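Here is a short briefing to read with the model open beside you. It starts with the fold, then turns to the ligand surroundings and the nonpolar core.

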Amino acid sequence: MIETNVSKHHQTFSQVIQSYYQLTKPRIIPLLLITTAGSMWIAGEGKVDPLLLLVTLTGGTLAAASAQTINCVYDRDIDYDMERTRHRPLPSGRIQPRDALIFAIALAVISFSLLTVFANLLAAMLAMSGIVFYILVYTHWLKRSSTQNIVIGGAAGAIPALVGWAAVTGTLSWVAWLLFAIVFVWTPPHFWALALMIRDDYAKVGIPMLPVVAGNEATVRQIWFYTLVLVPTTLLLVYPLQATGIVYAAIALALGGLFILKAWHLLHNPGDRTLAKDLFLYSISYMMLLCLSMVIDSLPLTHRLISVVASQLHLVVS
Ligand code: HEM
Ligand SMILES: CC(C)=CCC/C(C)=C/CC/C(C)=C/COP(=O)(O)OP(=O)(O)O
């Protein structure tokens, strides 16, 4: 087991807080919340109770933080061996695994209570299932054993979209599952682009990420495949589900076109790490803007503006 001297040094209160904060891998959480919010706005047809929004996003934050913290406890051995993750609080000895687990359980309990009391039981149960799936299916079962680890495990990252929908409607629908599918299909291009950049790190610790096991060519082909599935999937919200309108359709098409273009470049240059990095960074902006377009599209103001423009066009034509 990893023991370092760092834990024996005195840490100031703010350093301790900082370490617990880092344990939650906070940089990923805002995007998870953006998918939750996009889902909530579509579910609420442009009108979301601010208190429900606040509670759901807080509950979602705490659940994701709990999941990431348990993942840090479980993966502390490989995190120690990888350059990118070596300085995390557990491998560097700033927090003890037992304390991290207590912290994670506390986060999960608060999240569950908050969501149950102020949203509903379905939203709370979904958030908890996100934690369980991420830990059991991704971290424990697949991460160290399958090249498909992030395809199947990626379902955990798509659960926040279901949480958002459930919080507003108390149930799940086809649209909710489609939002889930969008994040699910987006995850392989998102992660494999990154894995192409840092494959050596994964190879070092024996994690069977696709580029390590199957090579760059096979990985870019998979990225290309999932990107080609992703873009039409995003458009199913417009037709046949009719959950979003013209504003979303136009933005989803433009963003999707650029995603396909970038994936195409990578497909023809599998060894180019700059292109891989470009696609990874774009995948994040893509999801952010796609969800933002869901929100804008659902607003009553947008609907009014569109009917004004449509009637003007009608006048011009007739
Ligand atoms: C199993 C699925 C996923 C895997 C394996 C994965 C893996 C990763 C990894 C390893 C990083 C780099 C983090 C670092 O440098 O410490 C990253 C970054 C990121 N991921 Fe994912 N990810 C997954 C799904 C998601 C999902 C579902 C979202 C949100 C919807 C997301 C959002 C982000 C964001 C925003 C970053 C950038 C963080 C930064 O600014 O450094 N990821 N991902
Ligand atoms: C509703 C709910 C609670 C959902 C939780 C979903 C969740 C925490 C998704 C995160 C996915 C993710 C960023 C994985 C990082 O992979 P990794 O752990 O392999 O990354 P690493 O190599 O940086 O450790």
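This is a predicted model: local features need pLDDT of at least 70, side-chain atom pairs count only at pLDDT 80 or more; totals for chains, interfaces and linings use all residues.

**Overall build**

- Taken along the principal axes, the C-alpha atoms of the protein fill a box of roughly 80 × 50 × 30 Å.
- Of the 318 residues in the protein, 43% are buried.
- If you take the contacts between residues at least 6 apart in sequence, 73% of them join residues at least 24 apart.

**Around ligand 1**

- Ligand 1 has 18 residues around it, and R27, L31, I150, G154 and G157 come nearest.
- Two or more residues of this shell come from each of helix 2 (29–43), helix 7 (149–153), helix 9 (174–197) and helix 13 (273–298).
- Which helix gives the most to the shell around ligand 1? That is helix 9, with 5 residues.
- By residue type, the shell around ligand 1 holds 10 nonpolar, 6 polar and 2 charged residues.

**Around ligand 2**

- Ligand 2 is surrounded by 18 residues, and the closest are A63, A67, G130, G157 and I159.
- The elements that supply two or more residues to this shell are helix 3 (50–74), helix 6 (121–142) and helix 8 (155–169).
- The shell around ligand 2 divides into 11 nonpolar, 5 polar and 2 charged residues.
- When you look at G157, keep both ligands in view: this residue is listed among the nearest to ligand 1 and among the closest to ligand 2.

**The nonpolar core**

- The largest nonpolar core has 89 residues, and those touching the most other members are A123, A127, L162, V163, W165, F180 and A193.
- Helix 9 gives the most to this core, with 15 residues; helix 9 also gives the most to the shell around ligand 1.
- What does A123 contact once its neighbours within four places in sequence are left aside? Its partners are T56, L115, V163, A166 and A167.
- One of those partners, V163, is itself listed with A123 among the core residues that touch the most other members.

Technical notes:
Residues are numbered from 1 along each chain as its sequence is written. Chains are lettered from A and ligands numbered from 1 in the order in which they are written. A residue is buried if 20 or more other C-beta atoms lie within 10 Å of its own, exposed if 12 or fewer, and partly exposed in between; C-beta atoms are placed from the backbone. Two residues are in contact if their C-beta atoms, placed from the backbone, lie within 7 Å. A residue is near a molecule or strand if its C-beta atom, placed from the backbone, lies within 6 Å of it. Helices (H or I, at least four residues) and strands (E, at least two) are DSSP runs, numbered from the N terminus. Ala, Val, Leu, Ile, Met, Phe, Trp, Tyr, Cys and Pro count as nonpolar, Asp, Glu, Lys and Arg as charged, and the others, Gly among them, as polar. A nonpolar core is a set of buried Ala, Val, Leu, Ile, Met, Phe, Trp, Tyr and Cys residues joined through C-beta atoms within 7 Å.
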